[in-house]
Amino acid sequence: MAAVADVRRRVLMVSGAIDAIDHDVSVCINLPEAGRWQVIKSETNLTDQTWVAMQVTTDEDTHFVDGGDAMILSRQFAKTFMTPDLRRLTFYEGEVRPGEAVLKVFEIESSSRRPMYAHARYSPIATETAEASSEKLQQLIADGMPQRPVVELIVPVTVIG
């Protein structure tokens, strides 16, 4: 993974690929300065599973920005859910198949220059019925995805602007 931070526009662009099936991915970014940043994150699904939901959770020094001019979207997912404490954001109602890229856009506010956020993905189990899978997804959106072992990454950031 790699990132570019445009200081003038307060935009952080992160790209990479995920091939971890049984692990969540925790990303540590070295920002040029703390504060509010729009994050544009692109990643490729290198697993053999289709992702039908993606969850992003922040560390204790960071939260998502909601409302106003904050942009929260994904090209692959039609809906989002954010917890009232602004620490968990879930993208759902869509899919990312093996080999495909996913694009997510969200904004964070961090009191630290080294925010961390973790990505979790949900893939339905092949033996589940469509109804059981849908019920499980709704529960995961409401309650959050269970924590799995984590692969921690420190993403190098190139500063521009």
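Colleague: Which residues have the most contacts inside the largest nonpolar core?

Modeller: Start with the general idea: in soluble globular proteins, nonpolar side chains tend to be buried together. A nonpolar core here is a set of buried Ala, Val, Leu, Ile, Met, Phe, Trp, Tyr and Cys residues joined through side-chain atoms within 4.5 Å; buried means under 20% relative accessible area, exposed over 50% and partly exposed in between, with a 1.4 Å probe and protein chains only. The largest core has 26 residues, and L12, I29, F64, F106 and Y117 have the most contacts inside it. Strands that each supply at least two of its residues include β2 (11–18), β4 (35–45) and β10 (101–110). Strands (E, at least two residues) and helices (H or I, at least four) are DSSP runs numbered from the N terminus. A second, separate core has nine residues, among them A53, Y92, A120 and Y122.

Colleague: Before we go on, what kind of model is this?

Modeller: It is a predicted model, in which local features need pLDDT of at least 70, side-chain atom pairs count only at pLDDT 80 or more, and totals for chains, interfaces and linings use all residues. Residues are numbered from 1 along each chain as its sequence is written, and side-chain values use heavy atoms, leaving out hydrogens and water.

Colleague: Which residues does F106 touch?

Modeller: Contact means heavy atoms within 4.5 Å. Not counting residues up to four places away in sequence, F106 touches W37, Q38, V39, V56, F64, M71, I72, L89, F91 and Y117.

Colleague: How do I read a pocket, and what volume has the largest pocket?

Modeller: On a 1 Å grid over the protein atoms alone, a pocket is an open set of points with protein on both sides within 12 Å along at least five of seven lines, and lining residues have an atom within 4 Å of a point. Points are joined across faces, edges and corners, and a volume is the space filled by probe spheres set on them. The largest pocket has a volume of about 290 Å³. Of its 17 lining residues, D24, T57, A118, Q147 and V150 lie nearest its centre. β11 gives the most to this lining, with five residues.

Colleague: Which elements supply at least two residues each to the second largest pocket's lining?

Modeller: Those are β11 and α1. The second largest pocket holds about 240 Å³ of space.

Colleague: Is K136 buried or partly exposed?

Modeller: K136, in helix α1 (residues 130–143), is partly exposed because its relative accessible area is 31%. Beyond its neighbours within four places in sequence, K136 is in contact with Y122, I125 and E128.

Notes: On a 1 Å grid over the protein atoms alone, a cavity is a set of points where a 1.4 Å probe fits but cannot get out, and a pocket is an open set with protein on both sides within 12 Å along at least five of seven lines; lining residues have an atom within 4 Å of a point.
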